[in-house]
Amino acid sequence: MDSLDQFAKAKLVGLESRSLRRRLTPTRSLEGAWVERDGRRMLSFSSNDYLGLSHHPKVIQVAADAALAYGAGAGASRLVTGDHPLLAALEAKLAALKGTEACCLFGSGYLANTGLIPSLVGEGDLVLIDALAHACLWAGAKLSGARVIPFPHNDLEALEQRLIDHRGQARHALIATDGVFSMDGDLAPLDCLSILATAHDAWLLADDAHGLGVVGEGRGSAAAFPGAQVPLQMGTLSKALGSYGGYVCASQPVVDLLKTRARTLIYSTALPASAPAAALAALEIMAAEPERVAAPVERARQFTRALNLPRAMSAIVPVVIGEADAALACSRALADQGLLVVAIRPPTVPAGTARLRVAFTADHTPADVDRLAAAIAPMLQA
Ligand SMILES: *Cc1c(COP(=O)(O)O)cnc(C)c1O
């Protein structure tokens, strides 16, 4: 076993020397956007709980009721005995929200993408993927065995050239992108992507993990581009919906295929009933409270106005610092003021673009935003 531990230790030393080692920090969420970490109360700007619904009393109550009634775990995969009726009820609601025929829930967003892409493409096929797309889109693309060709972030001309050069040799082609980019907060131009996809008979997949509940009046990134045809809309229950799980909204035949072929659905245990119960309650609150849905982007825009940054398009604002150690130092300086903004380093973001990733939620007050902007302003001048 010596070589095993030596391997692990040498890897860690290398990462440490480049400020790329990551560590877990136990964190408890308190009320609103407040957390307890390292024995301190801090105001967090590093949560994807955009609508504050993970701790909404009604969402918690229905999750608790479902656990009491149906148990803590599902006991088996959906195709065996784990297909609780609440899953189908949530699938119907999500499909209606997204304007698709059907929906398939997965154990998480990561499992949705790694199940979806290999169910649709394989050897002899082509995946064109935005260079900044989320790690699980890359994982699904690689797992599929299709040829994977990245295109520069949101670069429509470069994508078109790749379609012209490579589409002809492939049987099927898929274009994969985040709808809202997780580390940059900008939107994919889904209207133009959809035109290119149609022209070249490629299937457009938009990952809406950060769009649902936040953009397109809460319906997500595809809804933010009226007229865009996005046949594959995946996302998560784990961010704005405050629960846990992933989904793919698509046509009935595609969803039927996923339910019989997606390996991450077939060979992984179903979500516990508390997860779809919580997400259903969250969708009801979303529909009833448009001001809650509008809040994250409003706060983000207040912040970008205050610091003269490009206008926020989502709840996420990147404050790019550069080197990993400098980003860590900024994050530590904010922590000293009771503000939690986690530094994001390579390989999550490209080398030289380590950053503070600021995420705003409906729990933040305008005064919270002012306080953060005042704390970050001197770091931008440095
Ligand atoms: C968080 C995230 C996922 C994964 O969703 P989980 O439900 O947390 O597994 C997928 N795509 C993007 C863009 C994300 O930010």
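Which residues are the closest to the ligand, and how many surround it? The ligand is surrounded by 14 residues, and the closest are Gly109, Asp207, His210, Thr236 and Lys239; a residue counts as near if one of its heavy atoms lies within 4 Å of the molecule. The model is a predicted one, in which local features need pLDDT of at least 70 and side-chain atom pairs count only at pLDDT 80 or more, while totals for chains, interfaces and linings use all residues. Residues are numbered from 1 along each chain as its sequence is written, and side-chain values use heavy atoms, with hydrogens and water left out.

By class, the shell around the ligand holds three nonpolar, eight polar and three charged residues. Here Ala, Val, Leu, Ile, Met, Phe, Trp, Tyr, Cys and Pro count as nonpolar, Asp, Glu, Lys and Arg as charged, and the others, Gly among them, as polar. An oxygen atom of the ligand lies 2.8 Å from a backbone N or O atom of Gly109, and an oxygen atom of the ligand is 2.7 Å from a side-chain N or O atom of Thr236. On its own the ligand has 380 Å² of accessible area, of which the protein covers 87%; such areas come from the Shrake-Rupley method with a 1.4 Å probe.

Strands are DSSP runs of type E with at least two residues, and helices are runs of H or I with at least four, numbered from the N terminus. Five of the five residues of S4 are buried, that is, under 20% relative accessible area, where exposed means over 50% and partly exposed lies in between (1.4 Å probe, protein chains only). In a regular strand the side chains alternate between the two faces of the sheet. In S4, Ala102, Cys104 and Phe106 point one way, and Cys103 and Leu105 point the other way. S4 pairs with strand S10 (residues 246-250) in the antiparallel sense over five bridges, pairing being defined by at least two DSSP bridges. The bridge partner of Phe106 in S10 is Gly246.

Two loops contain backbone features of note. Most residues other than glycine have a negative phi, and most peptide bonds are trans. Asp38, in the loop between strands S2 (34-37) and S3 (40-44), has a positive phi near 50°. Pro346 and Pro347 are joined by a cis peptide bond with omega of about 5°, and Pro347 is found in the loop between strands S13 (343-344) and S14 (354-359).

Terms used
Polar contact = N/O pair within 3.5 Å; in protein donor to acceptor, adjacent residues only side chain to side chain.
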